[in-house]
Amino acid sequence: MTVATQNRKLSWLAFVLGLPLAGLGYRLVDLQVARHDEFQALADRNTVRTFQREPVRGQILDCRGILLATSQPAKVVCADPTLLGDYRLDAARALAPLLGVDEALLADRLLPRLIVDNGKTNNSQYVALKRKVPVETWEKIKAAMAHLCPGIDEKKLSKRQRTSLSYLRTKAIFADEDQIRVYPGQRLASHVLGYVANDEELTGLNGIELAFNTNLCGVRGWRKTEMDGRHRELVKYRDEDVAPRDGLNVVLTLDAGLQNIVESELAAGMEKHSPISASCIMIRPRTGEILAMATLPNYDPNHPGAFPMEALRNRVIADIAEPGSTFKIVVVSGGLNERLVTLNDVFDCEHGQFFYANNTLHDHESFGLLTVEGIITKSSNIGAAKIGIRLGEEKLWEYIHRFGFGERTGLPLPGEVAGIVHPVRQWSKLSIARIPMGQGVAVTPLQMAMAMCAIANDGVLMRPMVVSRLEDPSGRVIAHYEPQPVRCVAGPQTISNMVRALKTVATREGTAVQAGLEHYTVAGKTGTAEKSENGHYVEKFFSSFIGFFPADHPELCISVVMDEPRDSHYGGLTAAPVFHAIGERAANYLNLKPDIDLEPPVNQTLTADGGGGSSGR
Amino acid sequence: MKWATTILICCVAVLIGLGLVMLYSSSMNMETGANQGSVGAHLLLSQLCWCLFGLIGCVAAASTDYRKFKSATPWLLGFSVLLLSLVWAPKIGIMRNGAHRWIGLPGLPHFQPSELARLALILFLGSYAERFQRQMAGVKRGILIPASIIAVVVALIFFEQDWGCAILLAAVCGAMLILAGARLRFIVPPALLLAGGLTYFLLHNPVRLRRILAWLHPELSKDGAGYQAYQAMIALGSGGWTGLGLGNGRQKLGFVPEHHTDFIFSIIGEELGLVATLAVVVLFIALVVCGLYIARRSSDTFGLILGAGITSMIGLQAFINIGVVTSVLPNKGMPLPFISYGGSNLLLMLVSVGLLLSVSRFAAEPVKQRNNPFEAMPELSHA
């Protein structure tokens with residue numbers, strides 16, 4: 001063999017070895033540079049994960065910081081059906097009692113399912129079994145899964161079977177973060193608080209939860225990070241980590257103590273008179289702050305679905321009715337303010353029968369001559385009608401509007417209605433006589449209470465407030481809501497006369513003697529409206545009492561409304577006693593300064609029980 | 001001559017250095033096993049020990065006259081065939097993943113006899129080719145005897161389920177026989193026969209058939225048989241020009257299996273980028289060129305065949321490994337010379353390089369005609 005042949009062969013060998021290597025170089029350029037973006041995306045898909053970081057929904061607190069609604073961490077229990085395999089039924093048997101679901105149904109959900117993703121069919125590896133599972137239950141589920149199938153002798157299994165068994169016990173059932181809305185007070189203030197949807201974000205569906213949903217739910221954060229092949233986070237590569245901003249706390253003007261007093265006394269009244277419903281609003285007249293707002297029947301916002309729809313409605317703002325005699329304050333205020341009448345003007349109340357515009361108006365009792373003050377005291381319909389006639393349609397309409405009827409009060413709760421006040425051109429001949437006594441208009445209990453508050457507040461109509469401020473989770477005030485006057489409804493002389501007249505209602509002479517308080521002078525007005533069905537009045541009544549005390553320096557205005565009380569329909573007999581009970585306890589609770597000086601020794605006054613105040617009459 | 005050895009040594013040194021660095025980088029995040037401690041450090045230490053042994057072997061081989069091994073080659077081959085058959089022996093042979101590739105004697109690290117057999121066969125073929133160099137064109141001496149010896153060794157390796165090594169060795173031996181003067185018309189038919197037999201085995205071995213199919217359709221099998229190769233491509237591709245930076249590779253974190261042994265090249269590509277991968281390829285090409293240059297300059301046929309055999313073994317192994325990692329070739333477990341983790345292979349490679357150096361030491365100095373070494377190359381190619 002010559003050197004030349006050898007050299008040729010060696011060159012060939014060098015060529016044969018070197019060329020493929022050089023070819024690989026080309027392949028590397030293709031992979032690493034030309035197709036870099038494509039593979040970069042695939043590599044990111046391997047490791048890069050973005051997680052939502054759910055904010056904690058804000059709390060709802062009363063004015064003293066008592067928790068009314070809060071969020072607690074919970075879990076969404078999920079399953080990976082592909083890991084369950086043959087042990088599906090065992091898992092279903094173990095989990096069904098813990099999750100509180102039907103075993104057969106659960107076993108069905110654990111069946112592997114095919115999903116189509118990007119045109120490729122895969123086995124679904126994610127099934128949410130139950131949301132809102134408390135953390136303690138989740139711990140039990142984990143323990144139950146870890147001891148699944150105790151009969152299996154692991155030593156007899158192959159390596160593969162052992163791995164799948166350990167996956168089954170540790171990874172087949174897993175949990176995502178969730179939160180659960182808890183209302184510790186259960187039914188307390190349920191209509192104000194509202195409730196939330198049972199979804200991931202706890203969307204508010206009613207009440208404050210709905211009205212302040214955007215403030216309560218906070219802002220979602222996220223984390224962009226990377227995971228290794230065993231789904232463990234690589235903290236080093238945590239790119240973006242934006243903490244969620246937890247929801248703001250809503251601090252209400254409501255006082256849980258007063259709310260409790262209102263609800264318990266209302267419930268007692270409910271029991272006594274068994275109306276369809278009863279509601280009560282307690283307002284601080286000077287500011288318009290709502291201290292308590294209750295409607296019975298109520299519901300437990302922890303389980304709103306378990307209650308009928310009627311129970312969910314906040315009747316205080318969502319229901320309208322003819323107000324009845326309480327509405328007389330409008331016409332009398334109007335008459336006084338326009339100086340068309342004085343308290344001492346005398347009206348002939350026609351002994352209970354007044355023919356007007358081809359109709360007969362009635363009083364509940366026969367009255368002869370009554371002063372304007374007497375018309376309030378005795379609640380004479382005919383007297384009110386005559387004042388109304390003297391005031392005139394335009395002025396009457398103006399005062400109705402000044403007192404805020406026919407428009408929403410602006411309370412930040414969903415579902416408020418404006419009521420019905422027809423414009424003057426739609427009035428009939430009779431309207432001018434009927435509207436002053438509270439017929440032919442429809443108002444919400446809140447509108448009526450706010451109108452009474454305007455009288456208690458020196459004639460300034462306030463916008464009702466239910467939210468005092470918004471705080472961030474650390475307690476810093478984000479927004480503070482100030483009392484908002486709406487307008488002045490009448491001059492100071494009018495108001496002091498009105499108060500004088502209203503004080504007489506809760507006396508022996510008046511319609512609501514039972515509303516009187518032991519240590520406070522009460523100014524108020526009863527209302528007994530006959531309900532109409534299909535345009536005819538039926539023997540069903542809407543009884544109410546709205547009053548405030550101490551009459552000359554009002555601290556509280558309380559409105560009690562009962563829909564169709566069964567035994568007696570007069571507001572003075574049904575609503576007034578409830579007003580009395582609530583008033584006594586609320587005044588005690590708030591330590592209000594009495595304005596009636598009683599002769600008995602001071603120490604006895606101090607120890608007097610708020611509930612037993614009926615001895616004052 | 002001197003530049004060839006210098007470049008050769010530099011290439012090997014750079015490759016080993018890169019290998020050690022990448023070994024630690026790729027294994028530092030691995031799960032700690034029963035022995036509480038960093039797996040990366042443990043593997044690095046073990047590889048360093050083997051490297052030390054390998055360097056000793058390399059220096060020993062380089063300082064010895066390779067011609068002295070000539071008479072010992074049949075015995076060495078016989079011994080390695082014995083070791084190869086020992087992998088089937090009870091207690092001594094060790095089976096991992098269904099392959100009988102290792103023998104383990106008490107107190108000694110596990111050893112892959114096929115590594116020794118490769119070198120022994122190359123040495124034997126070298127001495128055989130020198131001894132019968134005038135008869136290599138014949139049928140008996142040129143093909144029958146060497147082919148049957150090769151067949152025995154290759155078959156033993158083949159049946160211990162190390163197909164890649166067997167194919168590599170067969171190819172290297174074929175090249176050596178051609179270089180030794182065996183006629184192509186005697187080499188090609190058995191080679192074709194071998195290829196046919198291989199195809200038959202492939203079609204009847206579901207594991208390998210799946211790998212072949214996975215190679216043909218990487219997208220379809222990326223979650224199954226083609227997972228490793230697919231993930232390796234992702235690793236390489238995401239590296240780009242300069243890579244993610246040393247230690248920043250993601251694909252080693254449970255995505256590319258065997259990322260510190262057979263697939264370490266993908267991690268090099270991911271962490272250091274095209275710059276490093278091309279450098280590795282260039283280093284291997286340089287190594288092949290230098291090795292073949294040394295072989296050409298050797299003073300005797302033994303040196304020529306031996307040098308060419310060793311060089312083609314290193315070059316071919318590198319090609320197969322990188323080819324597999326870049327999905328140019330179907331998946332086949334084969335370490336990347338000097339870089340992949342694996343003691344016996346590193347030892348073999350270093351001893352082989354030592355032999356190559358020994359060949360160069362005793363090579364005839366070329367007649368110095370010109371000072372420019374690059375002008376010697378055309379003479380090499382068209383002479």
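This is a predicted model: local features need pLDDT of at least 70, side-chain atom pairs count only at pLDDT 80 or more; totals for chains, interfaces and linings use all residues.
I will start with the overall form of each chain. Chain A has 22 helices and 24 strands. Its C-alpha atoms occupy a box of roughly 150 × 55 × 55 Å along the principal axes. The radius of gyration of chain A is 36 Å, whereas a compact globule of 617 residues would have one near 25 Å.

Chain B has 13 helices and two strands. For its 383 residues the globule rule gives 21 Å, and the radius of gyration of chain B is 21 Å, so chain B is as compact as a globular protein of that length. The box around the C-alpha atoms of chain B is roughly 55 × 50 × 45 Å, again along the principal axes.

Next, the domains of chain A. Domain 1 is made of two segments, 53–84 and 125–252, and domain 2 runs over 256–590. Taken over C-alpha atoms, the centres of domain 1 of chain A and domain 2 of chain A are 47 Å apart. Domain 1 of chain A brings 31 residues to the contact and domain 2 of chain A brings 33 residues.

What do domain 1 of chain A and domain 2 of chain A bury between them? The figure is about 2,700 Å², with 62% of it on carbon and sulfur atoms. On the side of domain 1 of chain A that touches domain 2 of chain A, at least two residues come from each of β7 (173–182), α8 (190–193), α9 (207–211) and β11 (249–252) of chain A. By class, that side of domain 1 of chain A has 17 nonpolar, nine polar and five charged residues. Between domain 1 of chain A and domain 2 of chain A there are zero salt bridges.

Now the interface of the two chains. Chain A contributes 40 residues to the contact and chain B contributes 51 residues.

Which elements of chain A each supply at least two residues of the side that touches chain B? They are α1 (3–34), α2 (36–47) and β8 (221–227) of chain A. The largest share of that side, 21 residues, is from α1(A). The side of chain A that touches chain B divides into 20 nonpolar, 11 polar and nine charged residues.

How many salt bridges cross the interface of chain A and chain B? There is one. Glu226(A) pairs with Arg250(B) in a salt bridge, and their closest N and O atoms are 2.4 Å apart. In general terms, side chains of opposite charge can pair when their charged atoms come close.

Over all chains, the whole structure has 38 salt bridges. One within chain A links Glu139(A) and Lys142(A), with 3.8 Å between the closest N and O atoms. Both residues are in helix α6 (residues 135–146) of chain A, and because they are three residues apart there, about one helical turn separates Glu139(A) from Lys142(A).

Next, a loop residue in chain A. Ala243(A) is in the loop between β10 (240–242) and β11 of chain A. Leaving aside residues up to four places away in sequence, Ala243(A) touches Arg53(A) and Gly221(A). From Ala243(A) to Arg223(A) the C-alpha distance is 7.9 Å, and the two are 20 residues apart in sequence.

Last, some backbone geometry. Most residues other than glycine have a negative phi, and most peptide bonds are trans. Where in chain A is Ser379(A)? Ser379(A) sits in the loop between α15 (372–378) and α16 (381–391). Ser379(A) is not a glycine, yet its phi is positive, about 55°.

There are also cis peptide bonds to point out. Leu296(A) is joined to Pro297(A) by a cis peptide bond, with omega near -5°. Pro297(A) belongs to the loop between β13 (289–296) and α12 (309–312) of chain A. The peptide bond between Phe549(A) and Pro550(A) is cis as well, with omega about -20°. Pro550(A) is in the loop between β23 (536–549) and β24 (556–563) of chain A.

Terms used. Residues are numbered from 1 along each chain as its sequence is written. Chains are lettered from A and ligands numbered from 1 in the order in which they are written. Side-chain values use heavy atoms; hydrogens and water are left out. Domain bounds come from an automatic or database domain assignment. Contact means heavy atoms within 4.5 Å. Buried area is the accessible area (1.4 Å probe) that two parts lose on being put together, summed over both. A salt bridge is a side-chain nitrogen of Lys or Arg within 4 Å of a carboxyl oxygen of Asp or Glu. Helices (H or I, at least four residues) and strands (E, at least two) are DSSP runs, numbered from the N terminus. Ala, Val, Leu, Ile, Met, Phe, Trp, Tyr, Cys and Pro count as nonpolar, Asp, Glu, Lys and Arg as charged, and the others, Gly among them, as polar. The radius of gyration is taken over C-alpha atoms; the globule rule is 2.2 Å times the number of residues to the power 0.38.
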